[in-house]
Every structure is written in C-alpha cells, then in structure tokens.
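Hello,

Here is the structure I promised to pass on to you. Please have a look at it, and then read my notes below.

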Amino acid sequence: MANIPADLHYTADHEYVKGTSDPNVFVIGITDYAQDQLGDIVFVELPKEGASYGAHDTFGTIEAVKAVSELFSPVAGEVVEVNSALDGDPSSVNRDPYGAGWMIKMRLSSPPSDLMDAAAYQKHIGG
Amino acid sequence: MGSSEAGALKRTPFHDIHVALGAKMVPFAGYEMPVQYPTGITVEHKAVREACGLFDVAHMGEFLVRGPGAVDFVNYVTTNNVAALTVGQAHYSGILNERGTFEDDCLVYREADGLMMVVNASNAAKDFAHISRHLARFDCTLTDVSDEIALLALQGPKAAAILQPLTDVALGSVGYYHFARGTVAGVRDVIVSRTGYTGEDGFELYFPNAHAATIWNALMATGGVTPTGLGCRDSLRLEMGMALYGNDIDDTVTPLEAGLAWIVKLAKGDFVGRDALVRQKESGVPRKLVGFTFDERAIPRHGYPVFCQGAPSGMVCSGTMSPSLGTPVGTCYLPAGQTAEGTPFEVEIRGKRVPARVVKTPFYKQGSHL
C-alpha cells in the first residue's frame, strides 16, 4: 500500500509538492508509489540552483536499474535548493521519498494549478 | 529484454509461487515472468554474487535430438564442435543462418542416447523451424519439449553447499559445463548441470513441469536461497560480458564480430553459416563488440546512439549501472581498429554526448566461475 501523506499535493506524473515555512517555497520529489514502481533507484540527475521551469517542464531524470524516467516540474518557478546528497545516495528516494529523498525546492513564480490532493491522487493510482 | 507478443502470455509452472511472493510480473518472450521480488534488484544481484539465488528460467526452449545421426545433425546446425563433447558434457554454441549471422545462441548437452539443445524462449519457434529444414538429410528425430520441461537456475558461491544435501548426485564430481542425472528433493531423473548465466558457480536443474513446486520449495526451505528475477539476471550476465540475444547479438551480427570466435569451429566440417564466416575471416571483421564505461555518472541504455571519431557507430547494445562495481557498464559495436582497451568514443544520452572508453570484459572479475 503506497504511502500518500494527507498534507501534500500531487501530480498525475507522481511528483509531490510539499510546503515549507516560506509560503512561496515548495519541496518537490517523487511519491512512494513512483519509487516502488521504478524499483531500485541508482541515479538522479537534478538541475542547478537558479534554473527556472514552467509547470510540466522536465527538470531532471531519475534512473532505476531497469528504467529511466523524466522528472516534471509540478509548478512554475525557480530552483532555490537542490538535494545534492542524492548524488552519493540515490537510494534514499526509495527509502524515504518524502524526507531524505526530496529533490529540489522551488520558489513559485505563479500560483500552482491542476495539483491533486491526497484523496484524488489515491484515486489516480487506482487505490 | 525481449519483447512481449500480442495475445495471451504463457505462464511457467512457477507462476503462482512468484505471485504469492509478491513478484513484479512482466511480459518477457511471450511469458509472464518475475522481473524482481519485493526485496529489489540490487539485493537480489548481491545475493547471487555473495550467497545463492534461485531463478525461474522455465521459459527457455528445449529440443531433444535422438537417433544415429543426432551428433552430425546438431553439428551441422550449430557452430561449436558437438563431436568433441563427451557424454555428460555441455557447451555454449550458436545457431546461424547462411549469412553467418545469429538466429540464436544455445547450449548443447550430450547424453548417451541423444542431445538436448536449450534455446532462448523468444526464438524457440523460429529456431525449431530453421533447423528442421536440414533434418531430412540426417538419421535422427527432433522434438520440441519446451512446454514439458521446467528449468531452475540455482546460482551463487553457496549453490553447491545448498544443493548437495538435497541430491544423490556427487556435485564435487560434476565439473563446470558438465551434468549428471539424479534425484533432487525426491524427484528422480533430474538433469543437474553445472552451468549458468551469472559468472558464479551454480547449477541448472531440468525436470518435468509436474515437480516444479516440489523442487522450488525444497530449495527455498534450506533457508539460504533468495528468489531472484530477470532484472538481476540481466545485470549479472552483463557484468560478466555475456551476450544477450536481442541486445548484443542478433541476425545482423556474426560470432566473429561478437567476440564469440571461440564457439566457432571452422575445422569441424561444413555447417550452416560456415562459408559466410570463412569469407568474413578472409576479408576482415569490420566491427567488434566491446565493453565500455563512463568516467562520469551516467547510465548507458540499450538503443542510445554511439559516436566513434565523431561518426555515428550504431547504438548501445546493453547497459546498466553495475550493482557490484557501482560504475556504468555497457556494450556496443565499434569499427575494427577502434576496439583496443582505452579507446575513447561517445554515447549520446538525452541529447548530450558522454565520453566513453573501451574496457576489457568481464567487467566484474571476482566471479566464482569466470
């Protein structure tokens, strides 16, 4: 059973968006369901701080032993922090996708749209 | 990995066991097969390198060849020298077409009363039709028993210690690429073959489908065996530089190009594809399969474009992040003269050219059977 925290928001592509103490800055990663589907993650390619993306833009790549998947930005904004620890320990995305396995923090340039709440995401993955 | 075919997927006799274990089942070569179990590919890979894994490979095809002309027939449709096999010995070989390119790769087992050919599931029907065309000239019969025979691969440095208490075959007397028939877990007449596709010591067990659960459960009950899926089977074989049909070899390449000249015995007499290989040997082999790595962190994958001295040079055949080494490993064909160890070239990954260099295979050099 995939872990879907109630206080986060989700995309159809299985990224999550989590608030921080700064109301305009959000943490982005992939969901527990996504890491389980990918299997053992061996490489995460992330952007540099300062990069800007529109909603649905590709911001990185995640590689499991048997699969490659693109990472899509759930929101429009600028990357203000990158989880460089994933370079040395990509498997933390498998172990703790909502914690140590986070990927980037973005400062929003426009309000988020078309994100799902936990119940809608649960339905999306067929739960 | 092979492609799935349209229509219903076949199941091996171990199917329900995989599902009960929570395996991720995927279409492979027309079968529904376990790609991994809940522990994951990395753990399974490590289990085979350090202890013992159990693979369901019952999808593989088996043909029996019987009759006075059996050796001559198999010698004619494969590249290695079947006449050199003793009873109780097996070897790796190739099935070629008249162009000298691979229809398949296979194992050939010699028994007192005939031979067994073990072929890839994805090619079994094609292989059977291909070699049948030559059957009339030989005094022997050819039977496809793929749907009756189950096959398990018990692989890892602890495989012999785990299997010995369950069998009356003296495993110490069964050498690498040799086999014997005996009782395993109470099931009589099992072929116990010291072969595998992982680089580790281990055994492949051939027996009728009806005994599938008996043998699987007896091996698992020893407590020392990890169920292992096709995912780690691929990473294990690639670390050893062992060819996979559909990735590293297919009907566009010859054994000489694939670095498999050692399974081609031109001196044994005529065989399908021999003339083409003799011509290629005389005119020179235009390209060769090499192993490579990257110095930066990127992962090569099947199908990524390859550039040698700036010019397109086909694609990556196989590639992965080696679980044992923690480095990227891959294979591709490079033009003759560009295949020496250390030769630089490039692989295009998502629009970016990544510097690669040729390295010797096997990538992993500590296997308990190299």
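**Notes on chains A and B**

B:Asn80 sits in the loop of chain B that runs between helix H3 (70-77) and strand S5 (89-96); helices (H or I, at least four residues) and strands (E, at least two) are DSSP runs, numbered from the N terminus. Before going further: this is a predicted model, in which local features need pLDDT of at least 70 and side-chain atom pairs count only at pLDDT 80 or more, while totals for chains, interfaces and linings use all residues. Residues are numbered from 1 along each chain as its sequence is written, chains are lettered from A and ligands numbered from 1 in the order in which they are written, and side-chain values use heavy atoms, with hydrogens and water left out.

B:Asn80 has a relative accessible area of 5%, so this residue is buried (under 20% relative accessible area; exposed is over 50%, partly exposed in between; 1.4 Å probe, protein chains only). Leaving aside residues up to four places away in sequence, B:Asn80 touches B:Asn75, B:His91, B:Tyr92, B:Ser93, B:Ile263, B:Lys265 and B:Lys268 (contact means heavy atoms within 4.5 Å).

B:Ala298 lies between strand S14 (287-294) and strand S15 (305-308) of chain B, and B:Ala298 counts as buried because its relative accessibility is 8%. Its C-alpha atom is separated by 8.9 Å from that of B:Thr327, 29 residues apart along the chain. Not counting residues up to four places away in sequence, B:Ala298 touches B:Pro328, B:Ile349 and B:Val354, and also A:Phe43 from the other chain.

That brings us to the interface. Chain B contributes 17 residues to the contact and chain A 16 residues. About 1300 Å² is buried between the two chains, and carbon and sulfur atoms give 45% of that area (buried area is the accessible area, 1.4 Å probe, that two parts lose on being put together, summed over both). B:Arg297, B:Arg301 and B:Arg350 supply 43% of the area that chain B buries against chain A, more than any other three residues.

Best wishes
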